[in-house]
Amino acid sequence: MRVAVLGAQGLLGRHLCDELNSHGHAVLSLDRAIVDLSTPDRESFYRLRDRLAAHDAHLVFNAAAYTDVDGAERESDKAFLVNALGAEMIARATDAVGAAVCHISTDFVFRGDQQRPYDEFDLPDPQGCYARSKRAGEDLVLRACRRAFVVRVGGLYGRGGRNFFSTMVARLQQGQSLRIDRCRQVSPTWVRPLAHQLVALCEHGEYGMYHATCQGQTSWFAFAETLCHVANELGRPLPLRFEGVDTSALPTAAPRPAMSVLDCRLLRLRGLLTMPPWEDALRGYLKELLAYNLL
Ligand SMILES: NC(=O)c1ccc[n+]([C@@H]2O[C@H](COP(=O)([O-])OP(=O)(O)OC[C@H]3O[C@@H](n4cnc5c(N)ncnc54)[C@H](OP(=O)(O)O)[C@@H]3O)[C@@H](O)[C@H]2O)c1
């Protein structure tokens, strides 16, 4: 396939490029210097459309986003420009060249107050500016491109970039004591199997809304405990120097859903689900870090 990736320098975007390159797809990486999504004007639209046409792109991944969840409370216009209007511009340019778009969204589109995981048929109720801007992006993309995948993901970690995993390990290695949320329910998701899942989904060609995360659920506190146990088992001890606290003890500018677990119902029903349990993914990631001497 001939594929373009926006946000190719981000955590997920880099892994998508690796996955696509390793399968022999022709990849065009597009970063902020080429298309700045905070200015989704006619000029940006034509520039993007022409780049996609010149590459003869069949598929466009949008892994670019304004991802500062708390910052979006201060800079809501910027969040909506990038995550809503910028995403729409990508979808329109993709449609104009007859390609398909795979737009990445978030578990945060749900309120998070139900007891079971959210599937694709549950109604979104985003709280906070980042969540509302991402939800707006989903709608606009689905309207602007006839061949659109919108895939909600959550709890990402992997090599490069800052995320819960990298921040926690860095602080533990610096000897800091941590307080970690033991209440919010999440599905920590390694971006390597996620990139594999996204490419497999797009190759299959059933457009629409999907959820894609590692399987099972846990809290960030229990994830941190498991991480330390597995690291110790693999011969790289990390100190268990953290305590579990309630969400209310860790105030943030933007609200987080208490239930942030996604049911990947449509991938499962279509026989396309390849995401591993979160525990297996965590072990795989730790082994990868050890193989590159990064832990
Ligand atoms: N990380 C998570 O846990 C998580 C959870 C749920 C959903 N998601 C979604 O997953 C997707 C990928 O997230 P990620 O963690 O890979 O994000 P990330 O590491 O923060 O990368 C975001 C990418 O977007 C680019 N970008 C930001 N503003 C831009 C702009 N104005 N114009 C062009 N590019 C811009 C960044 O470019 P620069 O490199 O130039 O900054 C970067 O390459 C996003 O849609 C995000 O909303 C992530």
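**Close-up 1. Packing of helix α1 against helix α7 in the predicted model.** Helix α7 covers residues 191–204, while α1 runs over residues 11–22. The two helices pack with about 60 degrees between them, and their axes lie 9 Å apart. That angle makes α1 oblique to α7. The crossing of α1 past α7 is right-handed. On the α1 side, the residues that meet α7 are Leu-11, Leu-12, His-15, Leu-16, Asp-18, Glu-19 and Leu-20. Their counterparts in α7 are Val-191, Arg-192, Leu-194, Ala-195, His-196, Leu-198 and Val-199. Sorted by class, this contact of α1 with α7 holds nine nonpolar, two polar and three charged residues.

**Close-up 2. The shell of residues around the ligand.** The ligand is surrounded by 28 residues, and the closest of them are Gly-10, Leu-11, Leu-12, Ala-65 and Thr-106. Two elements, α1 (11–22) and β4 (100–106), each give two or more residues to this shell. The most come from α1, which supplies three. Leu-11 and Leu-12 are among the closest residues to the ligand, and both also take part in the meeting of α1 with α7. The shell divides into 12 nonpolar, 11 polar and five charged residues.

**Close-up 3. Packing of helix α4 against helix α5.** Helix α4 spans residues 76–96 and helix α5 spans residues 129–144. Their axes are 8 Å apart and the packing angle is about 15 degrees. Angles under 35 degrees count as roughly parallel, and α4 and α5 are therefore roughly parallel to each other. As α4 passes α5, the crossing is right-handed. From α4, the contact takes in Ser-76, Ala-79, Phe-80, Asn-83, Ala-84, Ala-87, Glu-88, Ala-91, Arg-92 and Asp-95. From α5, it takes in Cys-129, Tyr-130, Ser-133, Lys-134, Ala-136, Gly-137, Leu-140, Val-141 and Ala-144. The contact of α4 with α5 is made up of 11 nonpolar, four polar and four charged residues.

**Close-up 4. Packing of helix α8 against helix α10.** Residues 220–233 form helix α8, and residues 278–291 form helix α10. The angle between the packed helices is about 45 degrees, with 10 Å between their axes. With this angle, α8 is oblique to α10. The crossing of α8 past α10 is right-handed. Thr-226, Leu-227, Val-230 and Ala-231 of α8 make the contact with Glu-279, Leu-282, Arg-283 and Leu-286 of α10. Five nonpolar residues, one polar residue and two charged residues form this contact of α8 with α10.

**Close-up 5. Helix α2 and the residue that follows it.** Asp-56 follows α2 and has a positive phi, near 55 degrees.

Technical notes:
Residues numbered from 1 in each chain as written. Predicted model: local features only at pLDDT ≥ 70, side-chain atom pairs only at ≥ 80, totals over all residues. Near = placed C-beta within 6 Å. Helix = DSSP H or I, 4+ residues; strand = E, 2+ residues; numbered from the N terminus. Nonpolar A, V, L, I, M, F, W, Y, C, P; charged D, E, K, R; others polar. Expected span 1.5 Å × (residues − 1). Axes fitted to C-alpha atoms, helices over the stretch in contact; angles between N-to-C directions. Parallel < 35°, antiparallel > 145°, perpendicular 65-115°, else oblique. Left-handed = near helix turned anticlockwise from the far one by under 90°. Contact = placed C-beta atoms within 7 Å.
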